[in-house]
Amino acid sequence: MIVRKIQTMGIALSALVFSAPALTQDLNLPREKVELVAPPFVHPHEQATEQGPRIVEFKLVAEEKQFVIDGEGTKIHAMTFNGSIPGPLMVVHEGDYVELTLVNPAENSMPHNIDFHAATGALGGGGLSLVNPGEQVVLRWKADRSGVFVYHCAPGGPMTPWHVVSGMSGAIMVLPRDGLRDGAGNPLQYDRAYYIGENDFYVPRDKDGKFKSYASWGDAYADAVSAMRSLTPTHVVFNGKVGALTGQNALTSKVGEAVLIVHSQANRDSRPHLIGGHGDFVWETGKFSNRPETNLETWFIRGGSAGAALYRFRQPGIYAYLTHNLIEAVELGATAHFKVDGTWNDDLMTQVKAPEAIPPNVRGEREHPVQSARQRN
Amino acid sequence: MSFGLKFKCALAAAGGVAASLGIMLASVANGPDRGITAIAGPLVVELQPGSVRYRAAGDFSRNGRPASPPKTTVSIRQPLVIMKYQVTAAEYQRCVEGHACSPLDPGTTPASDRPAVKISWRDANSYADWLSARTGALYRLPTDEEWAYAAASRFQDEALPDVDGGDPAQLWLARYEMESSREGLIEKEPRSIGSYGANENGLIDLAGNVWEWTSTCFVRQAIDANGQPIGTATTNCGVRVAEGRHRAYVPEFVRDVRSGGCMTGAPPANLGFRLVRDGSRDRLRSLVESVQGFLSSVLVL
C-alpha cells in the first residue's frame, strides 16, 4: 500500500516535472533581491508600500546537517532551509512575484523541493521545484493573497512528513500593499517583528530510554518513521532547539513597542499564549483579508498554517511566550521569553502587601492553621 | 516523622555496633549485605570547629521589597565529620538492594566510580537512615551552613542584583540576566569520582556538575535595615536547599531539575548528596536539639 503510494506520487511528480513549461517568459517589472536572515529575526521590509508590484528574489539552500535540539546535546540528522530551523521568514506584498532559487548542494544526499502554501498550482510549487543534490531551480509565483503562510519541503510520499519534522519548513508573510488594518479599517503598525517557527521532533530511543544517534540520514530513517507514527513528539520547540529563544537568546522589546509575532507550525497544532500579556490583534488563521480578533488570551495555530499576533507591551519584565499545552511548553521545550525594558505601571498591577505569615484574627487565632513543619534535625 | 526514625536508628547503634564508631577514616566495605550485618562507614573528613561568612538561604524582604540578607559569621561549634566523596551510584544501589531506598533512575548504571544522581531529598534521607542502621553511626544531610563551612572557597555566595527596589520588573530582569549567564556551562553527564578535585578541606568534587542536598528548609523572612529579622518567618520544608555552583531551592521529591516555562538559567545539572556523621558525643546533642526543634515547632503553633 505504502509502496504503491510512493510510486504513484513519484509518477505524479515526474509527470509534473516533465510537462512543465520552461520559465523563460520575462515580466517587465522591477526586481528586488532580498538577503534573508535567520529566525527569529525578519529581513528589513516596508509595512505598507506605495510602489507597484515587483519581482522579489530570494535564495534558499537546502542544508542537511547535524542539529542539536536540546540542552542535553541530543542530535538529529536535520534537513533545513538555509541552515536554520525553521527556514527564514520571507516578506513580500500582495501582488508581488516571489522568485525563489532553490539550491540543493552536491554534498546533500536527498532530493528536496518546496511547497508554498501561499502559491497556486503544482502542489504549491513542489511539482516544479524538485532538485537532486548538485542541482538548483528557479521558481516564480504570484503572491495573489495576503497573510502569513507556511512553506515546506514535500518531496513526496513518506519523504514529506519526514523532511518536515526534520526541520524543512518556514513561512512567508504577504502583506497587504497598504499594510495591516484593524477590524474597523484603521492602519496598524509594528515596531518590530519576530518569527517563531515551532517544530515537533520525534527522536528514537534505545531500550534504556536514551535518545539514539545514527551515522547517517538513511540509517536513521526506519526508526524515525516508527517514532513519528507514535504521534508523540519527544521535543516540541521554538526555533529548532529547547531554549533557542530564552536566556541569552531571549527576544527583546520595551514598554510602548508593538511587536508582531508570526508563528508557524508545519505539522501539528499549537496554542500560543503570552504569559502576562495578550494578543491585541490576532490573525489566528493568518490571513490579513480577515478581520483580526482582539484581546485574545490564547490563540490557535492549526498544523500546517501560520498565524500572526500584534501586541503592544505595557509593562516591563520577563514574559513567557509558549504553547499553552503546558506539558509541551515546559517538559518538551516550546517556550520563548521576552525581556521587556521600561517603567513599571502600578495602576496596571501592584503587590499591595508582600507575602507574610497569615495574621491571627481578633481572637488571636490563626484562621488557616499552618501545618506542623516536617523538618528534620 | 523522620526525626523519629533517626532516633530509633541511633538507639540501635548505641546498643550494637560500637566497633565502627571510633573509626574516623574507614573504607567502604565490599562484602555482600546479609540481613542487618553492619558495614564500615564511608571515607570522611573531620573538620575542626570554626566559622564561615554566610548569607542565609531563602527569600528575604525589606519594606515589602525583595532584599539580600546580610552576610553574617556562623560558628560551627563541634567538629564536623563529613563524607570526603559524594555518595556513589554503587553505594546507593546497596541501599536499593536492601529495600531501603527507591531504585535509581532507569538507565542509570550503578557505577562505583560515578556519583549517585537523580536523587531526591527523600532518597538522600532514606540512604542516611539505612547507612546509620548499618554502621551504627548517625548519618544525616548537612545543614546549609555546614555545607558552606565544609565547601569553603567552593561555596558560592550570591546576593540579589542591586537595582531599584520600587520597580518589581527591574529586579526580575536583573535576576534573569544573572541566571541566563549560567547557561550552557555545565554538562549533564556525571563525571568519574574525583574529576573536580579537592578543596582546601580535602573534600572531593564540591560544586562540580552534581549539586548536593542539604537539610535546610526554604524560609521567607522580613528583615529590617540592619538585616535583623522582623516578625515570624514562614518555613516551607517541602522545599530544601541544594548547594553547588549556585544555590538552588528544590522540592524534596524532585530527582532531576529542569528549566522550562517561566523558569530560566541552568538549574542544577544533577542532584546528589554527601552526608555528615554525628560523633558519639554529638549524638545526644543532636537528639536533644531534635526534641527541642520538635517542641519549638509545636509551641509555635
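Mentor: Helices (H or I, at least four residues) and strands (E, at least two) are DSSP runs, numbered from the N terminus. This is a predicted model, in which local features need pLDDT of at least 70 and side-chain atom pairs count only at pLDDT 80 or more, while totals for chains, interfaces and linings use all residues. Residues are numbered from 1 along each chain as its sequence is written, and chains are lettered from A and ligands numbered from 1 in the order in which they are written.

Trainee: Which residue takes a positive phi just after H2(B)?

Mentor: His99(B) does, with a value of about 60°.

Trainee: What makes Tyr92(B) of helix H2 count as buried?

Mentor: Tyr92(B) is called buried, as are Ala89(B), Glu91(B), Arg94(B) and Cys95(B), because 20 or more other C-beta atoms, placed from the backbone, lie within 10 Å of its own. The buried residues of H2(B) pack against helix H3 (121-135) of chain B.

Trainee: Why are strands E17 and E19 of chain A said to pair?

Mentor: Pairing requires at least two bridges found by DSSP, and E17 (279-283) and E19 (305-312) share 3 in the antiparallel sense; the strands therefore pair. Trp283(A) has Ala308(A) as its bridge partner in E19(A).

Trainee: How many residues of domain 1 of chain A are in contact with domain 2?

Mentor: There are 33, facing 38 of domain 2; contact means C-beta atoms, placed from the backbone, within 7 Å. E8(A) gives the largest share of the domain 1 side, 5 residues.

How values were computed
Two residues are in contact if their C-beta atoms, placed from the backbone, lie within 7 Å. A residue is buried if 20 or more other C-beta atoms lie within 10 Å of its own, exposed if 12 or fewer, and partly exposed in between; C-beta atoms are placed from the backbone.
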